[in-house]
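Work through the exercises below with the sequence and the 3D structure at hand, and try each task before you read its solution.

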Amino acid sequence: MILRAFQGYSSKLENIDSKKDIKMQTTKILVQKPEIGLSEDNKAKLQSLEIYKDKKHFQFSNAWVNLAYELGKNIEEVCKLANCELPKIEAMYNKYNSLRVDYHFVSSVPKIVETLIDSLIYVTEDKSMMICEYCGANDEIETTEKNNHYINACEKCFNRKNRV
C-alpha cells in the first residue's frame, strides 16, 4: 500500500492590483492508493495465453488473475470454434469495483462471436464483484465506498485496510 503525504506550506500571492497579499495554506492530505499491478509470475501466467501475449499492462490486482486467465481461455476457445481471429485486448482494469475489459476485432467476425465474447466479459465482470480485491476470497464480500473509491473486500481484508 502506498501512502503519500502533501505537507502543508504557505505561498505568498499578489493580486492583480498588487494592493494586498494573499496567503494560502494547504493541509496535510493522505491518499491511499489501491494495490494495483500484477506480480511478474501472474503477468507471465496471463501472457502464456495467445490473447494476452502482446499485452504489457494489466491494471488490476493479483487477486483477479485467475478470473482474467479463465476469461482469456474462454475467448480463445470461442474464436477457435468459430475459426476466427482473436480480438485485440485494449485494456483490462479495475473500475467501479469490477474487472473491466475493452477489446476490438481488427477484421470483421460473425455477430454471434461478438455476442458470445461480450457475454463472457459480462459474466467475468459480475464474478469479479464477488471476489476480494486483496486476497481473492469469494465468500461474504462487501462493496464499500471509501474516499470515492469502491472496493470489494472480505471482512478480514477490509478491517486490515481500514486500520491504516
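**Exercise 1.** Determine how H2 and helix H3 (residues 111–128) are oriented relative to each other, and which residues join them.

*Solution.* Start with the axes, lines fitted to C-alpha atoms over the stretch in contact, with angles from 0 to 180 degrees between N-to-C directions: those of H2 and H3 come within 10 Å and cross at roughly 165°. Helices here are DSSP runs (H or I, at least four residues), numbered from the N terminus. Next, since angles over 145 degrees count as roughly antiparallel and those under 35 as roughly parallel, H2 and H3 are therefore roughly antiparallel. Finally, the contact (heavy atoms within 4.5 Å) involves residues including Leu67, Leu71 and Ile75 of H2 and Val113, Leu116 and Ile117 of H3. By class, this contact has ten nonpolar, three polar and two charged residues, where Ala, Val, Leu, Ile, Met, Phe, Trp, Tyr, Cys and Pro count as nonpolar, Asp, Glu, Lys and Arg as charged, and the others, Gly among them, as polar.

The model is predicted, local features need pLDDT of at least 70, side-chain atom pairs count only at pLDDT 80 or more, and totals for chains, interfaces and linings use all residues. Residues are numbered from 1 along each chain as its sequence is written, and side-chain values use heavy atoms, with hydrogens and water left out.

**Exercise 2.** Determine how helix H1 (residues 40–47) lies against helix H2 (residues 65–81).

*Solution.* The two axes come within 9 Å and cross at roughly 10°, and H1 and H2 are therefore roughly parallel to each other. Asn42, Lys45 and Leu46 of H1 meet Val65, Asn66, Ala68 and Tyr69 of H2, a contact with four nonpolar, two polar and one charged residue.

Key: Helices (H or I, at least four residues) and strands (E, at least two) are DSSP runs, numbered from the N terminus. Angles under 35 degrees count as roughly parallel, over 145 as roughly antiparallel, 65 to 115 as roughly perpendicular and the rest as oblique.
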